[in-house]
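Work through the exercises below with the sequence and the model open. Each task is followed by its solution.

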Amino acid sequence: MKRPTIADIARRAGLSKVAVSYALNDRPGVSAATRASVKAIAEELGWRPNSAARALSGANAQAVGLVVRRPARTLGVEPFFMEFISGIESVLYERSYALMLQMVDTHEQELEVHRRWWGEGRVDGVLLVDMHAGDPRVPAVEALGLPAVVIGPPETSGSLPAVWSDDGESVREIVRYLAALGHRRIARIAGPPDLAHTEVRDGAMRSASQEAGLAEPTVVHTDYSGDEGARAARRLLIASERPTAMVFDNDIMAVAALSVAQELGLDVPGDLSIVAWDESPLTQVVRPALSAVVRDIPAYGAHAAEALLARVAGETVLDVREGYARFVPRGSTCPPRA
């Protein structure tokens, strides 16, 4: 079926296309009764504004963009992004905004997507995620004049507002708890080393371990996948001096490590304590349930969307500091066996 146009509405209403356009855009020049009649006909025909035409006229695109530089398979199984996007959508839906989502392999590809979206008038602003130190996306977006909000530490955001939480404090809480239980060898299975939040967590892990009088922690970087998490856990658990506790950067890797421990005949938590970053249904349906850090991820996404829409509207937007992720102990942590 042909997409309904303003001309179709004009024929049905017996009006000129100019009068119909005025009515649909709430401009003066038509009566309230005519405006209501035109909108009723548009609804009946299923008419919607043409985004390309809106862009040419200088109107807002009524959409924001999110480009993620990760494998699609990782995005599909990692609950964080799904919950984060649900929070974004909760705000966009109320404002009749859409979310443009694109997966890419490199920052260069991400910047090309941003340039194309902005040049074609497809988005009014973008969210930048998975920030790096000296991230090239920040000056590029600033130069484009594209409204943007950074999801990450303020030191990575340049002149752009940042929505962030103190991951370092969460790590310190985990280390203090494990040290209080009696653990002396703790390993951290982390995400990619070039991510800003990975650097923050790595640094906090080392400093907190030193403060607690623990051995230098072993840190292994991965791609966040279950396969990589399992491989890292297996390598550490068959070493001559295996760790008695492991802290993982996401739930997928933590659950994979639980399977590896069972494969090796190790008891969790007696022989190995496991902590997952970001609680999810996965961390609670396995046995034992995994100790994890807990935060309101949908609220995190909602606050990011609110900040971006305020930026699009030309408002001054300051950094938004979220509460840090709280550690919640469950069945996967206990004092190590002597």
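The exercises cover a helix pair and then a sheet.

The model is predicted: local features need pLDDT of at least 70, side-chain atom pairs count only at pLDDT 80 or more, and totals for chains, interfaces and linings use all residues. Residues are numbered from 1 along each chain as its sequence is written, and side-chain values use heavy atoms, with hydrogens and water left out.

**Exercise 1.** Determine how the axes of α1 and α3 cross.

Solution. Helices (H or I, at least four residues) and strands (E, at least two) are DSSP runs, numbered from the N terminus. Take α1 as residues 6–13 and α3 as residues 32–45. Their axes come within 10 Å and cross at roughly 120 degrees. Axes are lines fitted to C-alpha atoms, for helices over the stretch in contact, and angles run from 0 to 180 degrees between N-to-C directions. Angles under 35 degrees count as roughly parallel, over 145 as roughly antiparallel, 65 to 115 as roughly perpendicular and the rest as oblique. Therefore α1 and α3 are oblique to each other.

**Exercise 2.** List the residues that make the contact of α1 with α3, and sort them by class.

Solution. Contact means heavy atoms within 4.5 Å. From α1 come Asp8, Ile9, Arg12 and Ala13, and from α3 come Val38, Ile41, Ala42, Glu44 and Leu45. Sorting gives 6 nonpolar, no polar and 3 charged residues. Here Ala, Val, Leu, Ile, Met, Phe, Trp, Tyr, Cys and Pro count as nonpolar, Asp, Glu, Lys and Arg as charged, and the others, Gly among them, as polar.

**Exercise 3.** Find the strand order of the open sheet of 6 strands, and its edges.

Solution. Two strands pair if DSSP finds at least two bridges between them. The order is β7-β6-β8-β9-β10-β12, with mixed pairing. β7 (218–221) and β12 (326–328) are the edge strands, each pairing on one side only. From one strand to the next, the twist averages 20 degrees.

**Exercise 4.** Trace the pairing of β8 with β6 and with β9.

Solution. Strand β6 (residues 186–190) pairs with β8 in the parallel sense over 4 bridges, and Ile186 stands opposite Ala245 in β8. Strand β8 (residues 245–248) also pairs in the parallel sense with β9, over 3 bridges. In that pairing, Val247 has Val275 of β9 as its bridge partner.

**Exercise 5.** Assign the residues of β9 to its two sides: are they buried or exposed?

Solution. Ser273 and Val275 point one way, and Ile274 and Ala276 the other way. All are buried, that is, under 20% relative accessible area, where exposed is over 50% and partly exposed lies in between (1.4 Å probe, protein chains only).
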